[in-house]
Amino acid sequence: MRVPVIAGNWKMNTTVGEAIELVNAMLRELDAVDSVDKVLCPPFVSLSAVKELIKGSSIKLGAQNIYFEEKGAYTGEVSPVMIADLCEFVIIGHSERRQYFSETGEIVNKKVKAALKIGLKPILCIGEKLEENEGGRAEEVITEQINSSLAGIEYPGELIIAYEPVWAIGTGRAATGEQANETIGLIRQNMAELYDNKIAQDLRILYGGSVTADNTAEFMRQPEIDGALVGGASLKADQFLSIVRQTSEIRQVK
Ligand code: PGA
C-alpha cells in the first residue's frame, strides 16, 4: 500500500515572516490528518524557521532545489549537504527550473544522484509541454525525461515522481483525473521496465498542475495517482488543508 503524499511547492513566495504565518495557520489541523505524508517546501531562506515550527509534528519538510556539488566555489548555490541537515525531501527538475534556469536532463540527473547519495528523497518532476501534448508526443517526452533523469542510477531508493504537464502548471487548466491516471500508469510501466515490477509498484507518483480543493477528489480517486504536488493552492492554509484531508479520506476507502 503506497502512502499518499501531498507536497506544497511554495515556489518563490513568502518572506520568512509570511512563511511562519502560513505554517501557524494550518499546523495543528495538518498535523492531525493521518494516512498522508504532508510535505511543505518553502523557499530555502525559510527552511530553518519552518523546521523549528513543525518540530514534533507529523509534517515533513522539503526544499525546492539543490546544486549537485557538495561544496566549493559555486556562488549562490545550495548544497545537498546543507539541505540534508534540514529536510527529508527535495524537488528536482521542476519545469520552471528547466524553462527559466536551463536545467537539462543531464543536470537533473546529477541532482537526483546527489540527493540520493546524501539520503534526501527526490521529488522528480517530469511532464510534457503543450505543443508536445498536442503533437501526440507526451509519452515519448516523458519516457525520455525518465531515462535521462535516472541514467546510471541503479536503485532509485525512495524517489518520488511528480507528473506535471507543463500546460497545467499555474494555468488553472488541470488535466482530467483520467488523463493523469493514464499517463501515471505509463510512467509506472516505464519504471518497471527500467528497474523491476516491485520498484514500480512501490513508487509513489504524484500529479501536479492546478490542483485545488475543488478538483483534488477527482485525482485522488484514481488508482495510479498517489498524491499531488500543489503550487498556488499550497499558499492558502484552508485550501491546502482541504486537499490533505480529502486525500486522507479518499485513500482510506480506496
Ligand atoms: P500549480 O503548480 O499548482 O500552481 O499549478 C504546481 C507546481 O508547479 O508544482
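## Packing around Met191

Beyond its neighbours within four places in sequence, Met191 is in contact (heavy atoms within 4.5 Å) with Ile146, Leu150, Pro156, Leu159, Ile161, Asp196, Ala200 and Leu203. Met191 is also listed, with Ile6, Met26, Leu40, Leu150 and Tyr207, among the residues with the most contacts inside the largest nonpolar core, which has 67 residues. A nonpolar core here is a set of buried Ala, Val, Leu, Ile, Met, Phe, Trp, Tyr and Cys residues joined through side-chain atoms within 4.5 Å. Buried means under 20% relative accessible area, exposed over 50%, and partly exposed in between, with a 1.4 Å probe and protein chains only.

Apart from that core lies another, of 12 residues, including Ala7, Phe89, Ile123 and Ile160.

## Basis of the values

The model is predicted: local features need pLDDT of at least 70 and side-chain atom pairs count only at pLDDT 80 or more, while totals for chains, interfaces and linings use all residues. Residues are numbered from 1 along each chain as its sequence is written, and side-chain values use heavy atoms, with hydrogens and water left out.

## Ligand site

There are 13 residues around the ligand (a heavy atom within 4 Å), and Lys11, His94, Glu164, Gly170 and Ser210 come nearest. By class, 4 are nonpolar, 7 polar and 2 charged. In this scheme Ala, Val, Leu, Ile, Met, Phe, Trp, Tyr, Cys and Pro are nonpolar, Asp, Glu, Lys and Arg charged, and the others, Gly among them, polar.

An oxygen atom of the ligand lies 2.7 Å from a polar side-chain atom of Lys11. For Ser210, a backbone N or O atom is 2.7 Å from a ligand oxygen. A polar backbone atom of Gly231 is 2.9 Å from an oxygen atom of the ligand. The protein buries 95% of the 280 Å² that the ligand exposes when taken alone (Shrake-Rupley method, 1.4 Å probe).

## Cysteines

The whole structure has 0 disulfides (pairs of cysteine sulfur atoms within 2.5 Å). For Cys41, the nearest cysteine sulfur is that of Cys87, 7.8 Å away. Cys41 is buried, at 1% relative accessibility, and Cys87 is buried with a relative accessible area of 10%.

Methods
Polar contact = N/O pair within 3.5 Å; in protein donor to acceptor, adjacent residues only side chain to side chain.
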